[in-house]
Amino acid sequence: MILAGIEDEEKWLAEGIAAIQHNAFYLHRALDANNLREALKYSAQMLSELRTSKLSPHRYYELYMRAFDELRGLEIFFKDESRHGVSVVDLYELVQHAGNILPRLYLLCTVGSVYIKSKEAPAKDVLKDLVEMCRGVQHPIRGLFLRSYLAQVSRDKLPDIGSEYKGDADTAMDAVEFVLQNFTEMNKLWVRMHYQGPGRVREKQEKERSELRDLVGKNLHVLGQIEGVDLEMYRDTVLPRVLEQVVNCKDELAQYYLLDCIIQVFPDEYHLQTLDTLLGACPQLQPTVDVKTVLSQLMERLSNYASSSEDVLPEFLQVEAFAKLSSAIGKVTEAHVEMPIVGAVTLYLSLLTFTLRVHPDRLDYVDQVLGACVKKLSGKPKLEDSRATKQIVALLSAPLEKYNDVVTALTLSNYPRVMDRLDNETNKLMAMVIIQSIMKNYTCISSADKVEVLFELIKGLIKDLDGTTGDELDEEDFKEEQNSVARLIHMLYNGEPEEMLKIICTVKKHIMTGGPKRLPYTVPPLIFSALRLVRKLLCQDGDAVGEELPATPKKIFQLLNQTIEALSSVPSPELALRLYLQCAEAANDCDLEPVAYEFFTQAFVLYEEEIADSKAQVTAIHLIIGTLQRMNVFGVENRDTLTHKATGYSAKLLKKPDQCRAVYACSHLFWVDDQDGIKDGERVLLCLKRALRIANAAQQMATVTRGSSGPVILFVEILNKYLYFFEKANPQITSSAIQSLIELINTELQSDSTTPDPAASAFFASTLRYIQFQKQKGGVMGEKYNPIKV
């Protein structure tokens, strides 16, 4: 049926165009013959085709344009009195004798244009006559196109200031009056289209009506170009009259389009000075009108106007633009109860953008906007509308992007309250945005209060929010989030030890709620941040001796002990052990023997009770040996206890090669170069001999299990330890012992039962070359190496 209707329209359009072309042919002949009578006859017949009611607006426009092109030639003919011999005044009367009203009015407008140009009558009188006469056509489509033609032929003949057609002092007002009257009538016709036809085709009608909107909007465009429309006339006459039409028409399409036209057509400074009037119309619009887009466009234009020059900023303050816009948005959201949340949030986002661009120094305005948004969202469940959520994220991101400083956002009391309205996933997303802003701008958060607010904002990353569990987390996303939190902790710093300790305590309070999955990521940065403070206090030692300082190394170490203990119970024993050893080293630097001993004790307890994996045990024992070797705070008794433990655990490792390497590493515990008193050659030799015995046992075990000896690399490694202590002048390490070891390795390498090991052979060859080099170098070291034969 729709297809049939379209085919019928095509047929009617073709018939109409054919009729226009037919009459236009005779019209051209009449014009060529300067025959006025025939010209009027055929032009009237041609224009009669525009009386049709069968065409849609789109098709009617095609027909109209054919007729419009012909009327231009007719107008040129009317201008030349010598061709038709009739004065323009008589001609103006003559065309009014046309039989049908529509052709009569088209001809009248055409002659009227010539009449104004002749200046034989004031332009305002002719225009007034024409605009009144056009009331004779009340059919919406025919009337709209007729008045559009009137606007077209008269736009360059308005009695404006500076125009050749200007009249008396009120000349601009006459031009404005004509355009406003034409606009008013056109708007009424346009709105009337909405109520014509059956309801079932209403959607199609609305689409067709939307296509005609530019015909009405052109009037406002002409108004915007009239030179005589100054601010006073715009405020007192133009805007009130246009808004009266907008409000009274009670039509959704017309209200939205015309408000948009007003905002786009007239100058920004006019909008600024008439904000009260313009905004006052918004709550009176139909509930279905998209007010948010209109207001957003207005605020965007005003923002651009403000950023065009600093000179205009005082105007914004003078008219209290922010207060008026804020109030208007409040009234609109109250009046439009059915407005979806996304619409309200979009309005507040536009207002916030306006505020940040026009009043960037007024944080109270920014907070006020966020507060208004919270008020609108209060009493409603957490947002689940993805569009509204996006707008909230944009709202929260805007201050971060503007100020490039999270610290500024932390001073906004309503910022966390808006974040609380987000669902858990988006809350975490926004928390990541905040952290990324801190990283990007290298923002340093330097007070415990601000850290408290910040960690409240990013709580979605720090702990499981209501209704979520760790099982729901995506592993990759989770790691990225926790690594971001870890990086953030390093950005929290204050040069005052007391305040820094408060920051550390605040962070600890928050991250301890994170649960077993998060602690391994968040505890280490906190520990290192605290150790940095410890070393800072160490450097400042003596500045306030004897005073009861709130931040002392002892207090910090107590805090660290509690924190790592929580981590070890997660369980994450390997990480906890590493952190205990780091703390022990820091306690060593602070000369706190009991504290360092306690940390080592905790490390050994973890090693004994929690670390069961053989590879993890190897790593752990080497870490313990390495750290213990660097300690200089321990007395003889404590050191002996710890070294005894370390050597004991080394010999109890599962695999013989691991035992061997750990035992010879322990030899360094008894010989420390930069420390007087710890040069126990005998115990070094004992460790090395014990390592040799274990290496022998490993060889024998390999022979039993595989039928061939194991690799000799352990012997080569032990040889290198012998050489190290030999050079350090350990009296127990003699050249004969080294010689014996070299011969042993040679024998093993040449044995048929030994498994070939290129790496061991290369290592041994390099060691021999080193011995040869030392012998050739001469001097004291050369003499020491001389007895060794390679």
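The side chain of threonine 184 has a polar atom 2.7 Å from the backbone oxygen of leucine 180. A polar contact is a pair of N or O atoms within 3.5 Å; within protein, one must be able to donate a hydrogen and the other to accept it, and residues adjacent in sequence count only if both atoms are side-chain atoms. The model is a predicted one, in which local features need pLDDT of at least 70 and side-chain atom pairs count only at pLDDT 80 or more, while totals for chains, interfaces and linings use all residues. Residues are numbered from 1 along each chain as its sequence is written, and side-chain values use heavy atoms, with hydrogens and water left out.

Threonine 184 belongs to helix H9, residues 171-192. Helices (H or I, at least four residues) and strands (E, at least two) are DSSP runs, numbered from the N terminus. Threonine 184 has a relative accessible area of 15% and is therefore buried; buried means under 20% relative accessible area, exposed over 50%, and partly exposed in between (1.4 Å probe, protein chains only).

Aspartate 367 is found in helix H20, residues 363-377. This residue is buried yet has no salt bridge, and the nearest side chain of opposite charge, that of arginine 417, is 7.3 Å away. A salt bridge is a side-chain nitrogen of Lys or Arg within 4 Å of a carboxyl oxygen of Asp or Glu; Lys and Arg count as positive and Asp and Glu as negative, whereas His and the chain ends are not counted. A polar atom of the aspartate 367 side chain does lie 2.9 Å from the backbone nitrogen of asparagine 414. Beyond its neighbours within four places in sequence, aspartate 367 is in contact (heavy atoms within 4.5 Å) with Leu412, Ser413, Asn414 and Tyr415.

Helix H20 is also one of the elements against which the buried residues of H18 pack, and helices H16 and H19 are among the others. The buried residues of H18 include Phe322, Leu325 and Ile329.

The cysteines come last. A disulfide is a pair of cysteine sulfur atoms within 2.5 Å, and by this rule the count is zero. Cysteine 261 is in no disulfide, with the nearest cysteine sulfur, that of cysteine 249, 12 Å away. Cysteine 261 is buried because its relative accessible area is 9%. Cysteine 134 occupies the loop between helices H7 and H8 and, at 1% relative accessibility, counts as buried.
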